[in-house]
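User: I would like to learn how to read a structure of this kind, feature by feature, with the general idea given before the particular case. Could we work through one together?

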Amino acid sequence: MRLLHLGDLHIGRSLGDFDLLADQRYILDEILRVVREYQVDGVLLAGDIYDRPVPSEGAVRLLDYFLSSLSELAAKVFIISGNHDSDERLNFGSRFFEARGIFIASKYQGELYHRCIDGVNFYLLPFVKASQVKHFFPDERIESYDQAVKVILRHGGVQPGACNVLVAHQFVAGGGLVPELAGSESAAVQNVGLVEQIGADNFADFSYVALGHIHRPQQVGRRTVRYAGSPLKYSLGECHDAKSIPLVTIEEDGSTEVELIPLKPRRELRHLTGRLEQILAGENLQDTDDYIYVTLTDEEPRDNAMGIIQGYYPNTVRLDYRNSRTMAMEREDIFAASELRSFEELAGDFYRLVYGQEISEEEMAVLKEIGAKAGVTDEAD
Ligand SMILES: [Mn+2]
């Protein structure tokens, strides 16, 4: 059986002020081409289907187009919800869609979703938090996400030695290694704590584990436990990443091959650094339709720099400066002299840095109260 693993489509996402729907339509057409060319039997969608719980009309239309096209190609589709999806909305029509080979598990309700198709067991685990799972197993000790997933799998009826595939949307760390983030994941993912991490050791009984949540394509521990990554670059941090989708071939004995199919976007995402004249010099102008982040190294701010650059690169997303002034600001670590400064001064500096204005007396009072409770202010404060 041949499966294609996709994660984190985030349909409806934008890049700065630019709507990415046309780029997403393009990349989904590329994926449909792969499905056709390799005669893919099933497509695994590992959560964060939409970018938002309430997707735009255009986003709904695009997912409708993608699912209808997959159905016409007779590919089965397995969908779970991610933390960006609304479980109720994604569940719409799921009982009808099943008759057409589209399987949706958007909400964990005490039982691991399981379907056996052509001898392969598909287990679909939508995004879960420990607190949600606890509710179904009052007698089990569930304090971390790892314990939650262990309990779900233990009660899930997974048969060791059978041909098992799991689709999940969680933060999985393998053998002490934490996955590399792409930078476009939500803040909650970027600040994930130990409590939210799940060990890859949970997956010993699975031939393949299709993960979503992290946007950089990578394996976790072994080759057959993977994050597909988002199919498009959704942040500057990804501009040097190579996007791909895993094509997974599972033999009857459960042995698994993974081949990464490279994805080419409609427009690349690039980062240009230099003085305004260098960036716009004729010999440097190329692929002007790409999405561009610009870092100007000019010492003085340039009038209407964004407007000028967009005259050449209409899809310029963002502009910032890197010169002796910005570097001096970076060097000036406000905590460097923290020993010599009061809590009030440090808090005031931090507030100014983040909000660009002075902290109010009320806010300072609240901060000092919290500081005192946490034991970071001295008695005099
Ligand atoms: Mn995501």
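User: Which residues does Leu4 touch, not counting residues up to four places away in sequence?

Analyst: Two remarks on the source come before the reply. This is a predicted model, in which local features need pLDDT of at least 70 and side-chain atom pairs count only at pLDDT 80 or more, whereas totals for chains, interfaces and linings use all residues. Residues are numbered from 1 along each chain as its sequence is written, and side-chain values use heavy atoms, with hydrogens and water left out. A contact means heavy atoms within 4.5 Å. Under that rule, and with residues up to four places away in sequence not counted, Leu4 touches Ile31, Val34, Val35, Val40, Gly42, Val43, Leu44, Ile245, Pro246 and Leu247.

User: How many residues does the largest nonpolar core have, and which of them have the most contacts inside it?

Analyst: A nonpolar core is a set of buried Ala, Val, Leu, Ile, Met, Phe, Trp, Tyr and Cys residues joined through side-chain atoms within 4.5 Å. Buried means under 20% relative accessible area, exposed means over 50%, and partly exposed lies in between, with a 1.4 Å probe and protein chains only. The largest such core has 42 residues, and those with the most contacts inside it are Leu4, Ile11, Ile31, Leu45 and Ile79. Among the elements that give two or more residues to this core are strand 1, helix 1 (21-37), strand 4 (42-46) and strand 18, and helix 1 gives the most, with 7 residues. Domain 1 (2-262) and domain 2 (269-327) both give residues to this core, so it lies between them. Apart from it lies another core, of 31 residues, among them Phe137, Val149, Ile198 and Val225.

User: How is strand 1 joined to strand 4, and how to strand 15?

Analyst: Strands of a sheet pair through backbone hydrogen bonds, either parallel or antiparallel. Helices (H or I, at least four residues) and strands (E, at least two) are DSSP runs numbered from the N terminus, and two strands pair if DSSP finds at least two bridges between them. Here strand 1 and strand 4 run parallel and are joined by 4 bridges, with Val43 of strand 4 as the bridge partner of Leu4. Strand 1 and strand 15 run antiparallel and are joined by 3 bridges, and the partner of Arg2 in strand 15 is Thr249. Since 4 of the 5 residues of strand 1 are buried, it is largely enclosed by the rest of the structure.

User: What is the order of the open sheet of 3 strands?

Analyst: The order of this sheet is 17-18-19, with parallel pairing. Its edge strands, each pairing on one side only, are strand 17 (269-274) and strand 19 (316-321). Strand 18 (residues 291-296) pairs with strand 19 over 5 bridges in the parallel sense, and Arg318 in strand 19 is the bridge partner of Tyr293.

User: Which residues are the protein donors of the manganese ion?

Analyst: Donors are N, O and S atoms within 2.8 Å of the metal (3.2 Å for Na, K and Ca), and sites may look incomplete because water is not among the atoms. The protein donors of the manganese ion are Asp8 (OD), His10 (NE2), Asp48 (OD) and His215 (NE2), which lie 2.1 to 2.4 Å from it. Asp8, in the loop between strand 1 (2-6) and strand 2 (14-15), and His215, in the loop between strand 12 (208-212) and strand 13 (218-220), link distant parts of the chain, 207 residues apart. Asp8 counts as buried because its relative accessibility is 0%, and His215 likewise counts as buried, at 1%.

User: Is Pro301 buried or exposed?

Analyst: Pro301 is exposed, because its relative accessible area is 52%. Pro301 lies in the loop between strand 18 and helix 9 (305-312), and, leaving aside neighbours within four places in sequence, it is in contact with Tyr321 and Arg325.

User: Why is helix 6 (residues 145-154) described as largely enclosed?

Analyst: Helix 6 is largely enclosed by the rest of the structure because 8 of its 10 residues are buried. What covers the buried residues of helix 6 includes strand 8 (120-125), helix 5 (130-134) and strand 11 (197-199).

User: Which domains does the assignment give for the protein chain?

Analyst: Domain bounds come from an automatic or database domain assignment, which here gives domain 1 (2-262), domain 2 (269-327) and domain 3 (333-374). The C-alpha centres of domain 1 and domain 3 lie 42 Å apart.
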